[in-house]
Amino acid sequence: MDAKTKEQQQTQSQDSLHISGAEAVIRCLLAEGANLVYGYPGGAIMPIYDELYKFQDQLHHVLTRHEQGATHAAQGYARTSGKVGVALATSGPGATNLVTGIADAQIDSTPMVCITGQVASHLLGSDAFQETDIIGISTPVTKWNYQITKASEIPEILAKAFYIARSGRPGPVLIDITKDAQFESFDFQYEKCTGIRSYKPVPTLEQTSIDEAAALINSAKKPFIVWGQGVILGNAEDAFKAFIEKSGIPAAWTILGLSALPTSHPLNMGMVGMHGNYAPNLLTNQCDVLIAIGMRFDDRVTGDLKTYAKQAKIIHLELDPAEINKNVYADVAVLADCRESLAALTQKIEPKTHTDWIQKFKALDAIEQEKVIQKDLHPTKAGLTMGEAVEMINKHSKGDAIIVTDVGQHQMVACRYAKFNQSKSNVTSGGLGTMGFALPAAIGAKMGAPDREVVAIIGDGGYQMTIQELGTIFQQDVAVKIVVLNNDFLGMVRQWQQLFFDRRYASTEMVNPDFVTIAKGYHIEGTSVKDRPSLDKAVATMMASKKPYFLEICVEKEDNVFPMIPTGASVSDIRLE
């Protein structure tokens, strides 16, 4: 039986189905191609979980140890698979525990559908047990949300939820379903959503903007590209590579854009932003044309907006009209899917090399190599550095692993030094900066790309925020590699206290447990490294393991991350020490 015939039979069988709202939810998920969901059961969502039990051969449920872990796992899954992540939770505290992950997904444009149970509709507004207004709470941090009180609403609303989550600029959607709607029966029929009146997820490309952008690029003497995650979300990696290779323009990335272009590409000049590379940050204020592609001019990228690229003409290739002129004025705005706009722009530009301009990047890179990178990767001091730990992972991963990072110093070091050969390889919390993100996100990342090696690089502080997800890893046997860079500090805050608060280390020193013993308590093999001679073998052993593995690397306690642009300063004020 071919796939088309099977789909027709399924549609015909659905015409006569008289089922509960709870079963309808499961059938909607299956119709949308969701075969993996993360969640945590409870009273108000129990009818859906009862149906989930009946469909467990078709829809795999991963029991996380906290609802926040479910959202981060769904994010990791979405980021590596390119599909919509799904998370389930009960009402009240179950629903509110989703909010951090939802907010993270919103600002990082991650497609996710969260389904929460709710008290029965006749109890709404009565302060019933485990009732909370999750629609009101989640409205600022969702792309769309909706409360279902009738079972008959379920097919249409869930179809819209998946369409909105994945279309245009992706984002999280929350659907709240009252318990009586889950029990209520109705005649079920499902039809995928293909459009919503007044919602236009992809703007129509205007040729005039392409012509204007091409004219600026063709006349530029010192053009510069900054690209973001929009290239990855738009599946535009090939179009982007063709564009920069024809234009010969040096390019740098935001942390969410990392891996869209191999780190070894000769036109890849590194990272912009607070802890980005010296050359791309400094030369932002010397370029004559700045081409921003799928990025939103976040404050960590721009620094002081009053001094950011004022000498340059700005071309902004963007899908979301709300981002145009929000932070940085665009002389030419190209509104469209960036795969389409890049292809159109590539046809119009002239092939160039910009040799002298690129040489300026190389000269500044040599300064950073001497003053920062060599000290990070090849230190002469006795203690291990975060940089050499990441470099050792590069040696054994050969740039083919997915790297999942938490938030803090280790995140910036990993983004600076990790090597990537393919896209969708860097999974991190960018806009919200959520400590505790990495461990559950690594679970989802591995499940979204089961054939790839997944290494979670985490600080000792963030690790302990979601350490309970070791239980999920053990129960599901998810072969993630967990690396904790332990400096016994909340390192990024400590660095700021050192530089700007006269070393007053207020509440940042950590008294940590025996992490290896904790991992072994979850039946996860692991070891700890405290000296340089042991590092190579320890990383090799971890990478060779076919099971989940834990590696603690004890690094210098006061190892700082440079370069650094102080908050509110100009990108030209970047410090190397």
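This is a predicted model: local features need pLDDT of at least 70, side-chain atom pairs count only at pLDDT 80 or more; totals for chains, interfaces and linings use all residues.
**Close-up 1. The largest cavity and the residues that line it.** The structure holds one cavity of 30 Å³ or more. Its lining is formed by Asp376, Met386, Gly387, Val413, Tyr417, Asp559, Asn560, Val561 and Phe562, a set that divides by class into five nonpolar, two polar and two charged residues. Two helices, H17 (386-397) and H18 (409-417), each contribute at least two residues to this lining.

**Close-up 2. The cis peptide bond between Phe562 and Pro563.** Phe562, which is one of the residues lining the largest cavity, is joined to Pro563 by a cis peptide bond, with omega at about 0 degrees. Pro563 itself belongs to the segment that comes after strand S20 (549-554).

**Close-up 3. Helix H12 against helix H15.** Two packed helices are described by the angle between their axes and the distance between the axes. For helix H12 (residues 237-247) and helix H15 (residues 338-348), the axes come within 9 Å and cross at roughly 25 degrees. Because angles under 35 degrees count as roughly parallel, H12 is described as roughly parallel to H15. The crossing in which H12 passes H15 is left-handed. On the H12 side, the contact is made by Ala239, Phe240, Ala242, Phe243 and Lys246, while H15 supplies Arg339, Leu342, Leu345, Thr346 and Gln347. Sorted by class, the residues in this contact of H12 with H15 are six nonpolar, two polar and two charged.

**Close-up 4. Helix H10 against helix H15.** The axes of helix H10 (residues 207-219) and H15 come within 9 Å, crossing at roughly 50 degrees, and the two helices are therefore oblique to each other. H10 passes H15 in a right-handed crossing. From H10, the residues Gln207, Ile210, Asp211, Ala213, Ala214, Ile217 and Asn218 meet Ser341, Ala344, Leu345 and Lys348 of H15; by class, this contact of H10 with H15 comprises six nonpolar, three polar and two charged residues. Leu345 of H15 takes part in the contact with H10 and is also listed in the contact with H12.

**Close-up 5. The backbone at Ser198.** Ser198, a residue other than glycine, has a positive phi, with a value near 80 degrees.

**Close-up 6. Thr263 and its contacts from elsewhere in the sequence.** Thr263 is placed in the loop between strand S10 (251-253) and strand S11 (268-271). Although Thr263 and Lys419 are 156 residues apart along the chain, their C-alpha atoms are separated by 5.9 Å. Leaving aside residues up to four places away in sequence, Thr263 touches Leu258, Asn268, Ala418, Lys419 and Phe420.

Key:
Residues are numbered from 1 along each chain as its sequence is written. Side-chain values use heavy atoms; hydrogens and water are left out. On a 1 Å grid over the protein atoms alone, a cavity is a set of points where a 1.4 Å probe fits but cannot get out, and a pocket is an open set with protein on both sides within 12 Å along at least five of seven lines; lining residues have an atom within 4 Å of a point. Grid points are joined across faces, edges and corners, and a volume is the space filled by probe spheres set on the points. Helices (H or I, at least four residues) and strands (E, at least two) are DSSP runs, numbered from the N terminus. Ala, Val, Leu, Ile, Met, Phe, Trp, Tyr, Cys and Pro count as nonpolar, Asp, Glu, Lys and Arg as charged, and the others, Gly among them, as polar. Axes are lines fitted to C-alpha atoms, for helices over the stretch in contact, and angles run from 0 to 180 degrees between N-to-C directions. Angles under 35 degrees count as roughly parallel, over 145 as roughly antiparallel, 65 to 115 as roughly perpendicular and the rest as oblique. A crossing is left-handed if the near helix is turned anticlockwise from the far one by less than a right angle, and right-handed if clockwise. Contact means heavy atoms within 4.5 Å.
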